[in-house]
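Student: I would like to go through this model feature by feature. Please give the general idea each time, and then the case at hand.

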Amino acid sequence: MRTYLLGSLLLLVGWLTLVGWQTVAIPEKLSEYRFFEGNPASQQPAAGVVPYALNTPLFSDYAEKLRFIKLPAGQSVAYNDTAVLNFPVGTTLIKTFYFPVDFRNPAKGRRLIETRLLVHQPEGWKAFDYVWNDEQTDAFLEVAGDTKTVQYVDRAGQTRQHAYMIPNLNQCKGCHNRNEVMTPIGPSVRQLNGEVAYRTEGTKENQLTRWQRTGMLRNLPALEKCPKTPVWDKPETGSLNDRARAWLDINCAHCHNPHGPAMTSGLNLSISETDPTALGILKSPVAAGRGSGGINSTLSPANLTNPYLSTDCTRSTPAR
């Protein structure tokens with residue numbers, strides 16, 4: 001406990017020092033940004049704030065997410081089909097994590113847990129996390145992280161309860177890390193190439209088409225020439241292999257790539273990787289002992305029922 005308190009104190013001191021160097025004060029409340037109209041909990045985007053979705057999103061302890069983007073006035077982003085879009089300085093990516101009361105019936109309401117911001121400042125991307133109060137009236141800046149107990153009815157009708165971890169600001173870079181530089185993970189052309197329902201108009205539209213039409217995206221080729229990530233749990237959107245690769249790309253490849261935090265593993269789960277060994281086929285895990293799960297290869301045709309990769313995905317303890 002003493003070590004934990006000391007660590008939290010050092011984190012707070014570091015944060016206060018950083019804030020002291022800021023030329024612009026960091027808002028303490030999410031509502032101060034004016035991203036949403038009226039009650040912030042309604043998540044109704046204000047003018048200039050655009051909702052978006054990913055075809056296959058990152059799994060986050062069963063939480064659902066609402067995503068929005070705000071580009072600086074008069075700015076746009078260039079088409080790029082090989083990586084996450086290179087958003088201009090002044091862009092804010094907004095992501096609210098929530099749990100429905102009942103996954104089978106959204107009309108029963110929801111509990112907002114946190115809203116994470118990635119803000120593209122002149123010196124690079126910065127992460128800020130705002131935690132929603134119990135009254136669901138606003139979210140407040142959280143530096144040291146927290147753990148919340150969540151309860152909901154799942155899609156099978158079972159009542160579930162578990163801990164949900166809110167990261168501290170240092171932990172954000174644990175995933176949003178490329179060559180030790182903080183960077184967004186999700187919004188790439190292939191992930192954005194899908195339809196979204198826009199509440200203000202009551203219509204669905206392909207996101208890339210809409211972004212081009214509204215001046216957010218430039219140099220978009222014909223839509224049929226744009227790559228498209230399949231939806232991992234919808235067989236009609238792609239083969240089993242393609243959907244598995246899409247899931248691994250968004251959930252694992254931000255670390256397991258030659259420039260990520262797990263580069264020393266030699267495992268590259270990026271959707272563009274073609275080398276079987278880099279993808280883990282007959283590749284020995286770098287981790288030893290408990291970390292390897294006692295399995296000799298990441299993926300093996302002779303042991304498809306219990307490969308290291310699936311063991312690692314289902315692990316609930318920090319064995320790395």
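Tutor: Start with strand pairing: strand S4 (residues 92-100) and S5 run antiparallel and are joined by 9 bridges. Two strands pair if DSSP finds at least two bridges between them. Helices (H or I, at least four residues) and strands (E, at least two) are DSSP runs, numbered from the N terminus. This is a predicted model, in which local features need pLDDT of at least 70, side-chain atom pairs count only at pLDDT 80 or more, and totals for chains, interfaces and linings use all residues. Residues are numbered from 1 along each chain as its sequence is written, and side-chain values use heavy atoms, with hydrogens and water left out.

Student: Which residue is the bridge partner of Phe97 in S5?

Tutor: That partner is Glu114. On to the next pair: S5 and S6 run antiparallel, with 8 bridges between them, and Thr115 stands opposite Tyr130 in S6. The hairpin that joins S5 to S6 passes through 2 residues.

Student: Is strand S5 enclosed or exposed?

Tutor: In general, the side chains of a regular strand alternate between the two faces of the sheet. Strand S5 (residues 110-121) is largely enclosed by the rest of the structure, because 9 of its 12 residues are buried. Buried means under 20% relative accessible area, exposed over 50%, and partly exposed in between (1.4 Å probe, protein chains only). Of the 320 residues of the protein, 46% count as buried.

Student: Which residues touch the most other members of the largest nonpolar core?

Tutor: Nonpolar side chains in soluble globular proteins tend to be buried together. A nonpolar core is a set of buried Ala, Val, Leu, Ile, Met, Phe, Trp, Tyr and Cys residues joined through side-chain atoms within 4.5 Å. The largest has 26 residues, and Ile69, Phe87 and Trp211 touch the most other members. Among the elements that each supply at least two residues of this core are strand S1 (49-52), strand S6 (124-132) and helix H4 (207-213). A second, separate core has 18 residues, including Leu30, Phe35, Phe128 and Leu141.

Student: How should I read helix H5, and which of its residues are buried?

Tutor: An α-helix has 3.6 residues a turn, so residues three or four places apart point the same way. Helix H5 (residues 240-251) has 12 residues and reaches 16 Å from its first C-alpha to its last, close to the 16 Å expected at 1.5 Å a residue. The expected span is 1.5 Å times one less than the number of residues. Buried in H5 are Arg243, Arg245, Ala246, Leu248, Ile250 and Asn251.

Student: Where is Gln136 found, and what is its phi near?

Tutor: Most residues other than glycine have a negative phi. Gln136 has a phi near 60°, a positive value, and is found in the loop between S6 and strand S7 (139-141). With a relative accessible area of 18%, Gln136 is buried. Asp61, in the loop between S1 and strand S2 (64-70), also has a positive phi, near 50°. Asp61 counts as partly exposed because its relative accessibility is 35%.

Student: What is the mean pLDDT of the protein?

Tutor: Where pLDDT is low, the predicted coordinates should not be read in detail. pLDDT is the predictor's confidence in each residue, from 0 to 100. Its mean for the protein is 84, and 79% of the residues reach 70 or more.
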